[in-house]
Amino acid sequence: MCVLEKVTNVDKAPEGLLEKVTNDDVIIGLGYVCVRNRIGQETYEEARLEEARLFESHPLLSRIDKSIVGIPELAQRLVHIQASIISKCLPNIVHQINTKLNAYVDELNNLPQNLSSVAEAMTGFMQIMGSVKESLRKILIRGEYDEYPDDMNMHCKARLAEMLRGFSELMHSKKKDETKLGNFLKVEIQVLEEAKGIGLPNFLPHSAFITLLQREVKEISQTPAEFMTKFWGYVESAALSIIMQHSDNYPSLQSSCRRAAVNLISRKKDQSIIRVKEIVQMETYADYTCDSQYLSVWNRLMSHQDKFMNIVEGKSVQVNTGKKVTSMEFEGLGKVDLAHLQKYKHLAEQAFDMKMRMMSYWKIVLKRLVDSIALHLLFSIQNLVNNELEGEVVNEVMGPYGGGVERMLEESPAVAGKRERLNKSIKLLEESKDVVSKIMDRIAVTE
């Protein structure tokens, strides 16, 4: 730190003062200034006159350079020192003012536009709906997540694909465990016994196959409807999140927008449940497919029929032990016990044939169900985003309970108070900036 030394009472001990203030042997910070203090009841003006006379007429003190003597010189030096210190601090002060000012201006610009007419309100409303539709198209249709890079729950197209894959796996997992003792072909034999009639014995009753098909469909009939509830629940949460985000500047509109979205998606869910119930019910009326995989899979499975019948009729024995074989491996089922079928030899061949037909056809039924539901949902989402949501929100806002876009003209007390505080702060900072700039200009001139 540099120090300016004030030498006082110079008239009391003038001897050696000249050498002291001019000698370079001892350097005291910013140097010396010699002054005379007031004595007794002297006024400031009287003291300055006496000081000037002293440094002009004294035989020793008059020899000191006039640039380092007198209260006026001391005052001038102190002003320069203070100005220099201030000038170093002012740029940082200006920077801090500008930073705060820019932050307040940005915050003010992010507040909802203070609308003054119905036309402005309508324009703002349509801008909100346009932003909502574009965001929904991104996350639900196109799979673009630039608005939510880190929020995995809003990567909707990917999450919906995962949900459909899980639904497919759940549908395929709903099958009876036929590896348990006495389970294999048990239902098929019961159905065949109830379907028997007067006729040739080697014909497979079509009614028996339809009965089995209806039982299989009934086992999975509730799963698609449950999936629809889950699927549309997720779509609703994502849609509401986007609607609330884009209408955040206009709280007076949010209740209407939210109500419209919830009502629309609820109807879409109900329509989807009705649709999938129809799809499921259609599978119970007829057994049909043009998929060539049905015959190819059935032929592959039927290639094991001879081995199966040999075991059921007790003709198959183990090579090493000579014991009768009572079980075998089946594709998609694992190892099953066949010992209980020996008392149903008259129906075993037909039951086996029916089982293999059902296994071949059921794969196609499940695939058809999942594909139909997936296409229905994709079509429904496209309609929701592109055609239905905007009209639903408009009807709700303009309806008897929506209050119309005029509600956007009503600024909430919280927003109005915040706007006033920001305007006051911005005005104060701009005035402060002007004051500091003028001080810096004055310092530059004096330098």
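A contact means heavy atoms within 4.5 Å.

**Figure 1. Overview of the chain.** This is a predicted model. The chain holds 13 helices and four strands. Of the contacts with a separation of 6 or more, 76% join residues 24 or more positions apart. Buried residues make up 39% of the 447 residues. The chain exposes about 26,100 Å². Carbon and sulfur atoms supply 54% of that area.

**Figure 2. Confidence along the chain.** The average pLDDT of the chain is 84. A score of at least 70 is reached by 87% of the residues. Strand S1, residues 4-7, has the lowest confidence, with a mean of 50. Helix H8, residues 222-246, has the highest, at 95.

**Figure 3. Helix H4 packs with helix H5.** H4 covers residues 118-142, and H5 covers residues 156-173. The two helices pack at an angle of about 35 degrees. Their axes lie 6 Å apart. From H4, the contact is made by Ile139, Leu140, Ile141 and Arg142. From H5, Cys156, Lys157 and Leu160 take part. By class, five residues in this contact are nonpolar and two are charged. No polar residue belongs to it.

**Figure 4. Helix H4 from end to end.** H4 has 25 residues. At 1.5 Å a residue, H4 should span 36 Å. Just after H4 comes Gly143. Gly143 takes a positive phi of about 70 degrees.

**Figure 5. Lys268 in helix H9.** Lys268 is part of H9, which covers residues 251-285. Is Lys268 buried or exposed? Lys268 has a relative accessible area of 5%. The cut-off for buried is under 20%, so Lys268 counts as buried. Which residues does Lys268 touch, leaving out those up to four places away in sequence? They are Trp232, Ser380, Asn383, Leu384 and Glu388. One of them, Trp232, falls within the residue range of helix H8, 222-246.

**Figure 6. Arg300 in helix H10.** Arg300 is found in H10, which covers residues 293-302. The relative accessible area of Arg300 is 39%. Where does Glu331 lie relative to Arg300? The two residues are 31 residues apart in sequence. In space, Arg300 and Glu331 are 9.6 Å apart, C-alpha to C-alpha.

Conventions:
Residues are numbered from 1 along each chain as its sequence is written. This is a predicted model: local features need pLDDT of at least 70, side-chain atom pairs count only at pLDDT 80 or more; totals for chains, interfaces and linings use all residues. Side-chain values use heavy atoms; hydrogens and water are left out. Buried means under 20% relative accessible area, exposed over 50%, partly exposed in between (1.4 Å probe, protein chains only). Accessible areas come from the Shrake-Rupley method with a 1.4 Å probe; for residues, only the protein chains shown count as cover. pLDDT is the predictor's confidence in each residue, from 0 to 100. Axes are lines fitted to C-alpha atoms, for helices over the stretch in contact, and angles run from 0 to 180 degrees between N-to-C directions. Ala, Val, Leu, Ile, Met, Phe, Trp, Tyr, Cys and Pro count as nonpolar, Asp, Glu, Lys and Arg as charged, and the others, Gly among them, as polar. The expected span of a helix is 1.5 Å times one less than its number of residues.
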